[in-house]
Amino acid sequence: MNDFPGSAPASAIGALLADLGDIPVVTDASVVRKRSRDFFWYSPILNEALAGKSADLIATPRDEADVIRVAAACARHRVPLTVRAGGTGNYGQAVPLHGGVLLDITALSAIEWTRPGAIRVGVGAMMNAIDAQTQPSGWELRMHPSTKRTATIGGFVAGGSGGIGSITYGGLREAGNILAARVVTLEEQPRVIELRGDAAQKVNRAYGTTGIITALEMPLAPAWTWIEMVVVFDDFLDAAQFGYEAALSDGIVKKLLSPVAWPIPSYFGALKQYCPEGKSVLIAMVAEPSVESFRTLLGDRGEITFAAPADDSTGRVPLYEYTWNHTTLQVLKAGRSVTYLQCLYPHDRLIESVRQMQEMFPDEVLPHLEFIRFGGRVTCSGLPVVRYRDADRLNEIIALHEENDVFIANPHVYTVEDGSRYKRADADQLGFKHEVDPYGLLNPGKMRSFVPVAD
Ligand SMILES: Cc1cc2nc3c(=O)[nH]c(=O)nc-3n(C[C@H](O)[C@H](O)[C@H](O)COP(=O)(O)OP(=O)(O)OC[C@H]3O[C@@H](n4cnc5c(N)ncnc54)[C@H](O)[C@@H]3O)c2cc1C
């Protein structure tokens, strides 16, 4: 049994188990503890704060009817429920703070339909499985995280923000990037609600606190033959400047532009042979017909040391697994003395701001940028690798960024509010939570502004 404050009493867990009937459950404490973790260990602060947190049991619904049955039982016995999908979240998003049920949603993975430009799919579908299904007909997901091969579409919508493809389409939050979501409420008689258009944002990046998503309708993009490339530069700011120019070149069709400062590429394992000592790199994915224009734009400013058609089928390691938060992972493989930040640079003085931060923390905050569209403008986010000293210094680095207009979405906190640049809950999401989770049982503790009125 869980002994954290607010956890469900053993009697409630026993009664709940009896109500679950033939729905597969796991109660072995060591298995449940292992599955109650995600990638929060990237943060030394969260690693300490979340150590030992665990669900009481795992329930594995086979279909939406099972989800409704688990939700009803949790509401009836006032037992917390936390959804887990691929378990690749970074901020303890899928870690139950107050025990209860860990709902393994991955079996809901069927594709309902596809049509040109759109797909409707069960939330547990892995994103590489979706692309594998749609690419032969010329379509693919508009964007995916660098965890595409291990993460689900539902986990991306509920916990992620953007990724490979966001240079063209912006983040998940942009209008049109989630078409609809089907949601099960956490009530004694659960309802199934279809959220269409902007209303689907009520479940975007809410960490599963605003309903259990069972299906999603997502827009698709034309599937190109993507050429992945490593371009090397003498100086990091040259890589950043070229990345910016390529990002602004609307005629060059691209999916990824990721400048990474030396010495980070020295940790790039199999890619190291293409990353010469002392050079910074830009990792890119460019549509095959645009490669010539990309090379022309580059001129003799940098050297392309690797270029090949992208392939993320089984057994291959795509270059995007050196970008976004995989960049941090490549360095963490060599030791836990580093961590990272999530920055958004001011779009009107982008390269100057990147330069300023680089000069402010030499050898301590190692730059890594991701060019994206944000609110219709080209800008870049950064996931710099930080040599970790202690929490005070980390907070000082965050404050110095913010003082200089570089927004930080803090990855060292586990609540929806503290991890956002606005530091408050989205009003729509908070209101919707009152409607769908009156007892506050969905991933409790993650939306700190929420105070349940029902008991
Ligand atoms: C190496 C690495 C690289 C990453 N790169 C990126 C990146 O490029 N972009 C990015 O946005 N993120 C990134 N992430 C974070 C994470 O991988 C993605 O957000 C991913 O899409 C999460 O999917 P998942 O299936 O693993 O979800 P999980 O980790 O299982 O869940 C994530 C959150 O969503 C909730 N949830 C999951 N499914 C549902 C559902 N059906 N209904 C309600 N709530 C649900 C969970 O409770 C949890 O709060 C990265 C993480 C790592 C470790």
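**Around helix α9**

I am working from a predicted model, where local features need pLDDT of at least 70, side-chain atom pairs count only at pLDDT 80 or more, and totals for chains, interfaces and linings use all residues. My residue numbers run from 1 along each chain as its sequence is written, and my side-chain values use heavy atoms, with hydrogens and water left out.

Helix names follow DSSP runs numbered from the N terminus (helices are H or I, at least four residues; strands are E, at least two).

Which residues of α9 are buried? In this helix, residues 291-298, I noted Val 291, Phe 294 and Leu 298. Buried means under 20% relative accessible area, exposed over 50%, and partly exposed in between, with a 1.4 Å probe and protein chains only. The three cover an arc of only 60° around the axis, which puts them on the same side of α9. That arc is taken from the directions from the helix axis to the C-beta atoms. Glu 292 and Thr 296 are exposed on the other side.

I then looked up what covers the buried residues: the cover includes β11 (226-233), α8 (236-248), β12 (254-260), β13 (280-287) and β14 (303-309). Contact here means heavy atoms within 4.5 Å.

**Loops and backbone**

The loop between β12 and β13 holds Pro 263. A cis peptide bond joins this proline to Trp 262, with omega about 15°.

Asp 363 has a phi of about 65° and sits in the loop between α11 (350-360) and β17 (365-366). Asn 443 has a phi near 45° and lies in the segment after α13 (427-436). Are they buried or exposed? Asp 363 is exposed at 61% relative accessibility, whereas Asn 443 is buried at 2% relative accessible area.

I also checked Gly 376, in the loop between β18 (369-374) and β19 (377-382). This glycine is exposed at 53%. Its C-alpha atom is 8.7 Å from that of Tyr 169, 207 residues apart along the chain.

**Whole protein**

I counted 13 helices and 21 strands. The radius of gyration is 22 Å, close to the 23 Å that the globule rule gives for 455 residues, so the protein is as compact as a globular protein of that length. The radius is taken over C-alpha atoms, and the rule is 2.2 Å times the number of residues to the power 0.38. Buried residues make up 57% of the 455.
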